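Hi,

Here is the structure I promised to pass on. Have a look at it first, and my notes on what turned up follow below.

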Amino acid sequence: MPMFNGRFVQRLVVLTGAGVSAESGVPTFRDPDGLWEQYDPMDLATPEAFRRDPALIYRFYNSRRARLAGVEPNAAHLALARLQREFAGDVFLVTQNVDDLHERAGSPQVCHMHGELLASLCGACGNKRPTDQPFDGASACPACASRGSLRPDVVWFGEIPYFMDEIEARLADCDLFIAVGTSGLVYPAAGFVRTARASGATAVEVNLEPSDTASLFHLQRRGPATEQLPALVAELLS
Ligand code: NAD
């Protein structure tokens, strides 16, 4: 059975945040982002913002979606995919990211708790559909043909993240919890470390700097995810 930090580990939960994609060129919410620097991204990620100024929200998400085509997975995404394929146990990957870089790195399972940029959701019929195309208030839902009902299939502040039952069950049954590139400011993800620890898991944080919940982790791996994760994965697979 694999060992880590002097303990047997078999069931892993890995939580990733914007920091894992930062070195691919996808800006985090805290990075300066030329295109949108006049807005606080938090103000572009709420249902109220969508009701207030849908054209602005469509432009924001169309721009983010289009920019995905120009970025590639980095060594951190690749290391996690390797861990999922080669670890002699279970690795559940849950991401707050709405990009598709884990999938493109070859991860066999990715739980997108905040939804996906490359998908639309119809407010009229509930249809979810993959798309890499821009859409706006004039676009028709491919399923029910209604216009003005499509929105990005992303979870906004104030909405309930996806797959919470499965995530909570995995956290309650893991022996190692790893959080990568997440600020610890956005709940419920910021609370996952507490749930994992309550079930006896060892908790490891990988981040450039201490997150808001850093004190809850047993171990800190400080530095860029592209350096720290390949090293941590090599340790787990050795
Ligand atoms: P965040 O922007 O709040 O925090 C990013 C964290 O990553 C910070 O703690 C920072 O220190 C760390 N970080 C930055 N670069 C790093 C690197 N190279 N290596 C290791 N750590 C690094 O992001 P969050 O905690 O994920 O939460 C904010 C919300 O932003 C989430 O809901 C997420 O959906 C959304 N978001 C997603 C994307 C994406 O899909 N790629 C991008 C921006 C924001």
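**The loop between S7 and S8**

Leaving aside residues up to four places away in sequence, serine 139 touches Ser146, Arg147, Gly148 and Leu150. Before I go on, please keep in mind that this is a predicted model. Serine 139 sits in the loop between S7 and S8, and with a relative accessible area of 18% it is buried, the cut-off being under 20%.

Alanine 145 counts as exposed, at 54% relative accessibility, and its phi is near 70°, a positive value in a residue other than glycine.

You will find asparagine 5 in the loop between strand S1 (3-4) and strand S2 (7-8). On the peptide bond side, the one from tyrosine 187 to proline 188 is cis, with omega near 10°. Proline 188 belongs to the loop between S9 and H7.

**Helix H6**

Which residues of helix H6 are buried? In this helix (residues 164-171) they are Met164, Ile167 and Leu171. Looking down the axis of H6, these buried residues fall within an arc of 65°, so they line one face of the helix. As for what they pack against, the partners of the buried H6 residues are strand S3 (11-16), strand S4 (90-95), strand S5 (111-112), strand S9 (176-180) and helix H7 (192-198).

H6 also has a charged link to S4. Aspartate 90 and arginine 170 meet through their side chains in a salt bridge, at 2.6 Å from N to O. Aspartate 90 is in strand S4 and arginine 170 in helix H6, so the pair ties together parts that are 80 residues apart in sequence. Both ends are partly exposed: aspartate 90 at 36% relative accessibility, and arginine 170 with a relative accessible area of 30%.

**Other salt bridges**

How many salt bridges are there? The count comes to 11. One of them joins lysine 128 and aspartate 153, where the closest N and O atoms are 3.5 Å apart. Lysine 128 lies in strand S7 (residues 128-130) and aspartate 153 in strand S8 (residues 150-154), so this pair ties together parts that are 25 residues apart in sequence. Lysine 128 is partly exposed at 44% relative accessibility, whereas aspartate 153 is buried at 6%.

Arginine 104 and aspartate 100 form another salt bridge, with 3.2 Å between the closest N and O atoms. Here arginine 104 is partly exposed, with a relative accessible area of 35%, while aspartate 100 is buried at 16%. There is a network as well: salt bridges link Arg11, Asp173 and Asp175.

**A cavity, and a buried serine**

The search gave 1 cavity of 30 Å³ or more, and the largest cavity holds about 60 Å³ of space. Its lining includes Leu15, Gln96, Phe177, Ala179, Phe192, Val193 and Phe217. S9 and H7 are the elements that give two or more residues to that lining. What kinds of residue line the largest cavity? By class there are 8 nonpolar and 4 polar residues, and no charged ones.

Last stop is serine 21, in helix H1 (residues 19-22). Serine 21 is buried, with a relative accessible area of 1%. Not counting residues up to four places away in sequence, serine 21 touches Val26, Asn74, His77, Asn97, Asp99 and Leu101.

Cheers

Terms used: Residues numbered from 1 in each chain as written. Heavy atoms only, no water. Buried < 20%, exposed > 50% of the residue type's maximum accessible area, 1.4 Å probe, protein only. Helix = DSSP H or I, 4+ residues; strand = E, 2+ residues; numbered from the N terminus. Arc of directions from axis to C-beta. Contact = heavy atoms within 4.5 Å. Salt bridge = Lys/Arg side-chain N within 4 Å of Asp/Glu carboxyl O. 1 Å grid on protein atoms, 1.4 Å probe; cavity = no way out; pocket = protein on both sides within 12 Å on 5 of 7 lines; lining within 4 Å. Points joined across faces, edges and corners; volume = space filled by probe spheres on them. Nonpolar A, V, L, I, M, F, W, Y, C, P; charged D, E, K, R; others polar.
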